[in-house]
Amino acid sequence: MRSGLASLILAGGLLTPATALRAQPTWQEEFAKMPLAESVSVLDRHNCVRILLHSFQRNPAVRALIFMPGATDEFYFFRRAEARLSNSAPTLLDAVIALTNQTYLRATVVPPFLLLHTAEDPLEPIAVVEDQRTAFRIKRHHLEKRALYNDLSWDLLQPILAFDMDTHITPRVASHDSWHFFRHSFAAFDLDGWDALRAVALAGKTKFTVKKKLIVFEGDTRTLGKPAPVNGFLLQDAGITR
């Protein structure tokens, strides 16, 4: 009897890691717990980015919600992204589902982020490390415990990033080198220094190089695909399934 009990305990111990792994919540489960910060029935260029970023809460599944340049272009450049919400009390999950079903936006997890993007956006930034000591030191730093940036320019973000990383960062404020950077729209909790750099690069369509006591950001010219045509909207063209 004891040997059987021991075997049962041993089996239970062996299963514990797999059970714990299965118990990890998904981003969908976590977003379903987050009510929208404002009561609306339509998400469009006037309210969508603001509402979703303010609705994002700290959770164990993802640490940041990032609007990538292709997604913000759908709202502010093409001005065609619009999604209707049918729920009386919609959650952040309802909003993401509505956007991915009714617009060209897609939702993809790239740990520890959830990216809202289109087919043209590269989903990993180019990061070059030329000085390992500086890279290790940056990782020990942290962005603000709660970061919320809605359409923030590089000139406003650069001083925050340089202070939090305790490292010189270029381009400097008011530099011509940053003119083609996209404005940054993301919300995040508890990002370490390295993930903070990645989040900034993904939101601003930039790449970065870590040098000795210096981080250099530059424009990222990669494009995975062309923007969807302006005339007409087809869900199958956007790679979206109902």
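**Close-up views of a predicted model**

**View 1. Strands β10 and β11 pair in the antiparallel sense over six bridges.** The model is predicted. V210 stands opposite I215 in β11. Two residues lie between β10 and β11, which form a hairpin. In its turn, K213 has a positive phi of about 60°.

**View 2. Strand β6 (residues 127-129) runs parallel to strand β10 (residues 206-211).** Three bridges join β6 to β10. A127 stands opposite F208 in β10.

**View 3. The rings of F77 and F78 form an edge-to-face pair.** By the distance rule for ring centres, the model holds ten aromatic pairs. The centres of F77 and F78 are 5.0 Å apart. Their planes meet at 75°, over the 60 degrees needed, so the pair counts as edge-to-face. F77 is exposed, with a relative accessible area of 58%. F78 is partly exposed, at 23% relative accessibility. The charged end of R80 sits over the ring of F78, 4.3 Å from its centre.

**View 4. W194 and F208 pair edge-to-face.** Their ring centres are 5.3 Å apart and their planes stand at 70°. This pair links distant parts of the chain, 14 residues apart. W194 belongs to helix α8 (residues 193-204), and F208 to strand β10. Both residues are buried. W194 and F208 also belong to one aromatic cluster with W154, F181 and F217.

**View 5. Helix α3 (residues 48-55) is mostly covered.** Six of its eight residues are buried. These are C48, V49, I51, L52, L53 and S55.

Notes. Residues numbered from 1 in each chain as written. Predicted model: local features only at pLDDT ≥ 70, side-chain atom pairs only at ≥ 80, totals over all residues. Heavy atoms only, no water. Pairing = 2+ DSSP bridges. Helix = DSSP H or I, 4+ residues; strand = E, 2+ residues; numbered from the N terminus. Buried < 20%, exposed > 50% of the residue type's maximum accessible area, 1.4 Å probe, protein only. Phe/Tyr/Trp six-rings, centres within 6.5 Å; stacked < 30°, edge-to-face > 60°. Lys NZ or Arg CZ within 6 Å of the ring centre and 35° of its normal.
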